[in-house]
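Open the model in your viewer and keep the selection tool at hand.

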Amino acid sequence: MLLLIVIGTVSGVAVGAMPGLSATMGLALLVPFSFAMDPTAGLVLLGGFYVGAIYGGAFTAILVNAPGTPSSIATALEGYPMTKQGRSEEAIVGATIGSFVGGVLGVVAMVVVGPLLAGFALNFGPQEYFWVAVFGLTIIVTLAEDSLLKGILGVVFGLVLGTIGLAPVGGDVRFTFGMSELQGGVELIPAMIGFFTIPEVIRLIANRHRDVEVYEQRAEKQSQVKATVIAVFSRPLNLVRSSAIGAVVGALPGAGSSVSNLVAYNEARRASRTPERFGKGEVDGVVASETANNATIGGGLVPTLSLGVPGSPPHAIILGALLLHGLRPGPGLFESSGDLVYTFVTALAICAVVMVPVGLIAGRGLQRAVVVMPTRYLAPGIVVLSMVGAYAIRNSIIDVLLMGLLGVVGYLLRTIGIGPATVVLGLILGPIAEEGLVQGLQSSVGMDMPWTSFFSRPISIVLILACVLSVGWSLRRARRGPKRDEVTSGEDGT
């Protein structure tokens, strides 16, 4: 079992570090290999791969601004600026420690408060999912670095992209321009690669001499492992808060780590005493993102194992593996196959421990290779991996073309100050909000005013208050920001 844990974790890290090759895809390819294995061994292998893949996405997010998985979007927001400052090793160590803590605390949350999380998830209906998406959209105030208006424009563009293809409810065909290939919509991973990675490749090529000089300077930096570990553990509230967010969001079917990492990043910035440092290379943002997306693994297994409702696409693969091995998820699973379930859960915690030496060795080795690699090799390599990742999602050349087109659009948007994170945020949350809105209205058809159901349910009211507080706090901080900058510049005499 320990050997399977190591094999699964190492292979997961390798796949997760490749742009576009997501944990879902890797698990789907791995399931057939588990057919001939004992059910416990098969689940342990899948669990190790899942943990490694979620963590592996941090490497390319930090080093080349190419999130390997959607769960590493927020990691790129802070990790890549740290790389440009010569602090890539610090970012990788911070991501490793955060992933370890999040993985362990996510498993603890699953075991200790699993039934409570399952009951909480059952109380979520379409109205609550709509407000969860709206709450996620309030993060725009944090992600909009310079201008709230530009941030709103980016989110609106992402929401429009999310409407392409078949409607999530009703199946209406929208904005396909007669192309059947677009009926499946714009896939998140090709769009994410396009908006994050391709503009960076263009900038690498345009400024190759300056970037190579920076890489060479960074290669001479000494290791800061001990200092980074002490700094991360000196702020335990960030670790605990991000783990709690990951576990709770993971327990909500359909949300997953692509949402939890952004929410945790937003809350870390909101709680920071120096929020102005975020977006410019703050290790706390990397730690928050990686802690949350690894805690989502344990949180997502709560509804998967106890209710038979997967919390995310990777959990759906694990659910399918359980069914293929003749195991029926539900409350009775813990009684009929308790040895299997608790072995699987224990293996996930061990995977988080194994991930530390594997990640530090592989991550620091990759970091040293990337920072000294000339742009003439690095840029084509990134493009090839990106094309392979985009094509592998649906085996469609359309996704590769969309990736390139959206990459050019993303580069143009950056020149006018619209960041890629706001666009991807709209693309992630748009379908969730639309589906919740339409289903909520349909489920309230008998009411005189169906829309009132969105404002009358207890959890919806709590989420509405959270949205108001989030926007209010962010606007207050944005108003105080210029004054703080003036005071700081005055003290510096600049």
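**From the cavity to the cores**

Begin by selecting helix α14, which gives 3 residues, the largest share, to the lining of the largest cavity. Bear in mind throughout that this is a predicted model.

Next, select Val51, Gly103, Val107, Asn294, Ile297, Gly298, Leu348 and Ala352, the residues that line this largest cavity. Two or more residues of that lining come from each of α5 (88-122), α14 (283-306) and α17 (338-372), so colouring these helices shows the elements concerned. If you colour the lining by class, you will find 5 nonpolar and 3 polar residues, and no charged ones. The space inside the largest cavity is about 40 Å³, and with a threshold of 30 Å³ or more the count is 1 cavity.

Now turn to the side chains. The largest nonpolar core has 71 residues, and the members to select are Tyr50, Ile62, Val64, Leu301 and Leu305, which touch the most other members. Helix α3 (residues 39-64) is the element that gives the most to this core, contributing 16 residues.

Stay with Ile62 for a moment and show what surrounds this residue. Once its neighbours within four places in sequence are set aside, Ile62 is in contact with Thr75, Gly79, Tyr80, Thr83, Ser88, Ala91, Ile92, Ala95 and Val286.

For the last stop, which residues belong to another core, apart from the largest one? Select Leu252, Ala268, Val423 and Ile428, which are among the 59 residues of that other core.

Notes
Residues numbered from 1 in each chain as written. Predicted model: local features only at pLDDT ≥ 70, side-chain atom pairs only at ≥ 80, totals over all residues. Heavy atoms only, no water. 1 Å grid on protein atoms, 1.4 Å probe; cavity = no way out; pocket = protein on both sides within 12 Å on 5 of 7 lines; lining within 4 Å. Points joined across faces, edges and corners; volume = space filled by probe spheres on them. Helix = DSSP H or I, 4+ residues; strand = E, 2+ residues; numbered from the N terminus. Nonpolar A, V, L, I, M, F, W, Y, C, P; charged D, E, K, R; others polar. Core = buried A, V, L, I, M, F, W, Y, C linked by side-chain atoms within 4.5 Å. Buried < 20%, exposed > 50% of the residue type's maximum accessible area, 1.4 Å probe, protein only. Contact = heavy atoms within 4.5 Å.
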